Structure formats: C-alpha cells, structure tokens
Amino acid sequence: ETHEGRVLLQNVPFTSTESDVKALAESHGPVVEVHLPTDEDTSQSRGFVFVTYAFLKDAEKAAEGLDGTIFQGRLLKVRLADKKPEREEPINKKKLKGYKKEKIEKLKKLAKNERSWNLLFTSANASAEAMAKGLGIDKRDLLAKDAEGLGIRLALGETHVVQETKKWL
C-alpha cells in the first residue's frame, strides 16, 4: 500500500501545535508521528499536518472521520497521504540567504586552504623565542622578572614577528 498509515490534514489553524493535532488524531487510533511543516522564514505553521498512524485501518478511519470536522474554528480537509519521501541530504532548518550565506560559503572555501586559516597567529612563547633568537640572547634573559616594561617588549616583539611573517608570505 502506498499510504502506509499516513494522513494529510489541511486547513489546520496556524496556531495549532503538534500536541493539539496529536490529541485530535489519537481519537482514531495510535499515532506514530505528527509532522507540522513550518515556513522557513517565519517558523510559523504552514496550515497542514501529516499524521502517521501505527495501522493503515486507523488512518483510513481517521481520514473518513475527521474530514469535514471543525478543529479550533477551522473546517478540516483530511485525506490519505502518500508515503513519506526519503531525504537524500540532511535538512537545514534555518536556510541562510543573501550576504550571510555568501560569507559562510566564502569562509568554507578558505577553510579548505591549509595556508589561509590563520598564518599570522603567534603565541607569546613563540614570539619571545623568535625575538631572543633574533637578538642573539637567551629567552630567559629576555623574560627576566626584574626587567622593566616586559609586557610592552613582548607586544612589540610579537608585532615584529608578525611583520616578518607577512614579508615572508
């Protein structure tokens, strides 16, 4: 059977929740799943619901019994639905548009390039070591506790290392 216990309810109020629909549908048999599609932009209900019953006979009974009934002030149209389609790729619930989408795609392309992700990052330790080597002194002499302006010297050293790296690139 192509329906496999699936029913489509149309003209469902936009304020209805899955639990509201499930409570209505369970009066005709055990419900396996309730799917309330929502608008991608507003996240509001689209006005129809798919209900999957455990047994085909319950779905047929629900389609006949619920069609033409009033639910939360709206006249329902109910019919057997086709089998649930198989998805080839996962659903992205929040599809991005415009600038944000382009920016994310650009970042993904850059992330694949091994040399672009963050070549200019240097740790304080690596900068101090490079500075000491460049000055021809031990790192411990450069980082002596009694030395004045240690933080400033390290910041200037990091800046120098970054500039050297930029030249090399």
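Two strands are said to pair if DSSP finds at least two bridges between them. Strands (E, at least two residues) and helices (H or I, at least four) are DSSP runs, numbered from the N terminus.

## Basis of the model

This is a predicted model, in which local features need pLDDT of at least 70 and side-chain atom pairs count only at pLDDT 80 or more, while totals for chains, interfaces and linings use all residues. Residues are numbered from 1 along each chain as its sequence is written, and side-chain values use heavy atoms, with hydrogens and water left out.

## Strand β3 and its partners

Strand β3 pairs with β1 in the antiparallel sense over five bridges. In this pairing, V7 stands opposite V51 of β3. Strand β2 also runs antiparallel to β3, and four bridges join the two. Here E33 stands opposite T52 of β3.

Five of the six residues of β3 are buried, so this strand is largely enclosed by the rest of the structure. Buried means under 20% relative accessible area, exposed means over 50%, and partly exposed lies in between (1.4 Å probe, protein chains only).

## Nonpolar cores

A nonpolar core is a set of buried Ala, Val, Leu, Ile, Met, Phe, Trp, Tyr and Cys residues joined through side-chain atoms within 4.5 Å. The largest one has 18 residues, of which L9, V12, V21, V49, V51, Y53 and V78 touch the most other members. At least two residues of this core come from each of β1 (6–10), α1 (18–25), β2 (31–35), β3 (48–53) and α2 (56–66). Helix α2 gives the most, with four residues. A second, separate core has five residues, including A128, A132, L142 and L154.

## Aromatic rings and charges over them

Rings of Phe, Tyr and Trp (its six-membered ring) pair if their centres lie within 6.5 Å; planes under 30 degrees apart count as stacked, over 60 as edge-to-face and the rest as tilted. By this rule there is one aromatic pair. F48 and F50 form it in the edge-to-face arrangement, at 5.9 Å centre to centre and with 85° between the planes. F48 is partly exposed, at a relative accessible area of 21%, whereas F50 is buried, at 18%.

A charge sits over a ring if NZ of Lys or CZ of Arg is within 6 Å of the ring centre and within 35 degrees of the ring normal. The charged end of R6 lies over the ring of F50, 4.0 Å from its centre. Likewise, the charged end of R74 is over the ring of F14, 5.7 Å from the ring centre.

## Salt bridges

Side chains of opposite charge can pair when their charged atoms come close. A salt bridge is a side-chain nitrogen of Lys or Arg within 4 Å of a carboxyl oxygen of Asp or Glu. The whole structure contains three salt bridges. One joins K139 and E129 (3.8 Å, N to O). This pair links distant parts of the chain, with K139 in helix α5 (residues 139–142) and E129 in helix α4 (residues 124–135), 10 residues apart. K139 is partly exposed, at 27%, and E129 is partly exposed, at 48%.

Salt bridges that share partners join K57, D58 and K61 into one network. The closest N and O atoms are 3.6 Å apart between K57 and D58, and 3.9 Å apart between K61 and D58. Because K61 and D58 are three residues apart in helix α2, about one helical turn separates them. D58 is buried, at a relative accessible area of 5%, whereas K57 is exposed, at 56%, and K61 is partly exposed, at 46%.
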